[in-house]
Amino acid sequence: MSPQQKPSRWSYLTNGIIRENPVLILMIGLCPTLATTTSARDGLGMAAAASFVLILSNVVISLVRKFVQPSIRIPIFIIIISTFVTLIDYALQAYQPSLYKVLGVFVPLIVVNCIILGRAEAFAYGHGIFDSFLDGLGNSLGFTVLLVTLGSIREFFAAGTIFGATLTPAWYRAAPMLFFIFPPGAFLTIAILKALVIKFKLGKG
Amino acid sequence: MNISKIFIGAFLVNNILLMRFIALCSFFGVSTSLDTSVGMSAAVVFVTMLAAWVCWVLWHALLLPLGLEFLRTAVFILVIAGLVQFVEMFLKKYMRGLYSAMGIYLPLITTNCAILAVTFLNVDYGYNLLQATIYALGVGGGYALAIILFAAVRERLEDSPISPSFKGYPIAFVGASLMSLAFLGFANLFGITL
């Protein structure tokens, strides 16, 4: 590949945000996306925890990639990822107990989040440390934007607020559409978001 | 908590796919045909039971007495990965019939969050071995119920006239939404809350 055709650093960062958004375009990492977005704040908390693990595991995997034999790479990736998951698990328990209670089992389940193992396998194992950091950051931003959007939409309809800020008149908040806080509302919201992505051809291909 | 409540809770009220949003990747990825859904469900039920036993014993016999609770995430995921590999080799050598039925789904199961979630939740809820077994059975059964019903819906969707924007994933999400709405009707069944 000649230098001119090499993808730029900028594209490593931006790819994950819209063009290859892990959730909306590639449809991976759906479990935490739907389960933890009952409000914008919870969505942001989940995204922050997953981003911490994604960025650091990308950097560390890129750092050790020369020493890891291809045949045993998956167990090594899993050990590295689960180390960071354990760190964030204990940190949240200690410093953000209310958030930890909401996220519950989804914090340890970050270890099987397809986005993180997917980026390790598809990018960090074959790229330098700084590029892997950018890739991790870009994908984290894409994940965060989506979770906060989904959380805001659901919170807006189900409680009439976004990030706890009141945006609707009192008569709406007296009888809001609680449907959106329940699982069916989550499925319907992502259905509509995905349909919009297809309609306006936001993703690649 | 009595056994039948644990089972009904895991099977219907807190259905792992439609109510708790765990293992959704396989829910949308594998449910394109009825045959693959049945094979995948069989593999999930089988491995969930095994993993629940192995992780329960490891937790109570090794990690807890030695004060190594912080190793839970790493140990459980590695145990499940190893277990899946072992089951695959065992079936391949000794049970060819079963292997051809569910063999190709086994590697996919390592990253199936339903199994890992069951092992974590057994610890979090403080279940004994019998309760853990029943819970694993309920979750596995609930997974099978939801994914097989959903596969039938998706096979019908293939032939339906759907607007281009909603073709594929979006209409599948709408279907899942309606199914989940139906399952919401089980809330408070026998006093089991969400």
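**Figure 1. Buried residues of helix H4 of chain A in the predicted model.** In H4(A), the buried residues are Phe77(A), Ile78(A), Ile80(A), Ile81(A), Ser82(A), Phe84(A), Val85(A), Thr86(A), Ile88(A), Asp89(A) and Leu92(A). A residue is buried if 20 or more other C-beta atoms, placed from the backbone, lie within 10 Å of its own, exposed if 12 or fewer do, and partly exposed in between. An α-helix has 3.6 residues a turn, so residues three or four places apart point the same way. The buried residues of H4(A) pack against helix H3 (40-64), helix H5 (97-103) and helix H6 (114-122) of chain A, and also against H4 of chain B. Residues are numbered from 1 along each chain as its sequence is written, and chains are lettered from A and ligands numbered from 1 in the order in which they are written. In this predicted model, local features need pLDDT of at least 70 and side-chain atom pairs count only at pLDDT 80 or more, whereas totals for chains, interfaces and linings use all residues.

**Figure 2. Two helices of chain A, H4 and H7.** Helices (H or I, at least four residues) and strands (E, at least two) are DSSP runs, numbered from the N terminus. H4(A), residues 73-95, has 23 residues and spans 33 Å from its first C-alpha to its last, close to the expected 33 Å. H7(A), residues 129-159, has 31 residues and reaches 43 Å, close to the expected 45 Å. The expected span is 1.5 Å times one less than the number of residues. Just after H7(A), Gly160(A) takes a positive phi of about 80 degrees.

**Figure 3. The side of chain B that touches chain A.** Here 33 residues of chain B are in contact with 33 residues of chain A; two residues are in contact if their C-beta atoms, placed from the backbone, lie within 7 Å. Helices H2 (24-30), H4 (72-94), H7 (113-124) and H9 (169-184) of chain B each supply at least two residues of this side. H9(B) gives the most, with nine residues. The residues of this side of chain B comprise 26 nonpolar, five polar and two charged. Ala, Val, Leu, Ile, Met, Phe, Trp, Tyr, Cys and Pro count as nonpolar, Asp, Glu, Lys and Arg as charged, and the others, Gly among them, as polar. The predictor gives the complex an ipTM of 0.84 and a pTM of 0.86.
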